[in-house]
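I opened this model to look up its strands, its helix packing and its core. My entries follow in the order in which I looked.

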Amino acid sequence: MDFEAFKRLVEKRRNEHPVWFGIDPDETPDEVALIEAEVKLGANLPTDYKKFILEYGGGYFVFSNVFSLEGGSDWHLVDQNYKYGAIRDGHVLVSENGSGDFYGFKIVDGVCEPKIYFYDHAVELWQETPYNSLYDYLEVAAFSN
């Protein structure tokens, strides 16, 4: 799914279920904040994440969450990645499921792949998912009630 298709999906769901969008998102960052986050994480973030975060801000997103760039937020991307640095293992954490498991991007040669990977805390391993982008992941995680 590309960004324009994702935006259409968000608007469709917002029109159908406005209450789903009742929790305010974190603030949208500027380009400088994105660059600073990439430097601190040691990896270039995928375009899908950048477009999402610049449009929607991150934090709570319907029935899911996306780590944001708002300073002081419980969902701050850099803080979450530093906090759980031991499990990063070549990945950038971008979301969690509330049960100790994470979703993230794999870092290859300093660049995050757009594909989403799953960290299962029970077996302490990263695993592939069927999600080729953040948008594919959110289509299921955020909009499946």
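Entry 1, hairpins. I am working from a predicted model. I began at the hairpin of E3 and E4, where five residues sit between the strands and Gly98 has a positive phi near 80°. I looked up Ser95 and found Tyr103 in E4 as its bridge partner.

I moved on to the next strand. E5 (residues 111-120) runs antiparallel to E4 and is joined to E4 by six bridges. Here I noted Ile107, whose bridge partner in E5 is Cys112. The hairpin of E4 and E5 has two residues between the strands, and Asp109 takes a positive phi near 55° there.

Entry 2, helix packing. I recorded the angle and the distance, because two packed helices are described by the angle between their axes and the distance between the axes. For H1 (residues 3-16) and H3 (residues 47-56), I have axes that come within 11 Å and cross at roughly 35°. I logged the crossing of H1 and H3 as right-handed.

Next I listed the residues in this contact. From H1 I have Phe3, Phe6, Lys7, Val10 and Arg14, and these meet Lys51, Phe52, Glu55 and Tyr56 of H3. I sorted the residues of this contact into five nonpolar and four charged, with no polar ones.

I asked which residues touch the most other members of the largest nonpolar core. The core holds 44 residues, and the answer is Phe6, Tyr49, Phe52, Phe61, Leu138 and Phe143. I then traced the elements behind it: H1, H2 (31-41), H3, H4, E3, E4, E5 and H6 (134-141) each supply at least two residues. E5 gives the most, with five residues.

Leaving aside neighbours within four places in sequence, I find Leu138 in contact with Phe6, Phe52, Phe61, Ser64, Val66 and Phe143.

I placed Gln80 in H4 (residues 77-83).

Notes:
Residues numbered from 1 in each chain as written. Predicted model: local features only at pLDDT ≥ 70, side-chain atom pairs only at ≥ 80, totals over all residues. Heavy atoms only, no water. Axes fitted to C-alpha atoms, helices over the stretch in contact; angles between N-to-C directions. Helix = DSSP H or I, 4+ residues; strand = E, 2+ residues; numbered from the N terminus. Left-handed = near helix turned anticlockwise from the far one by under 90°. Contact = heavy atoms within 4.5 Å. Nonpolar A, V, L, I, M, F, W, Y, C, P; charged D, E, K, R; others polar. Pairing = 2+ DSSP bridges. Core = buried A, V, L, I, M, F, W, Y, C linked by side-chain atoms within 4.5 Å. Buried < 20%, exposed > 50% of the residue type's maximum accessible area, 1.4 Å probe, protein only.
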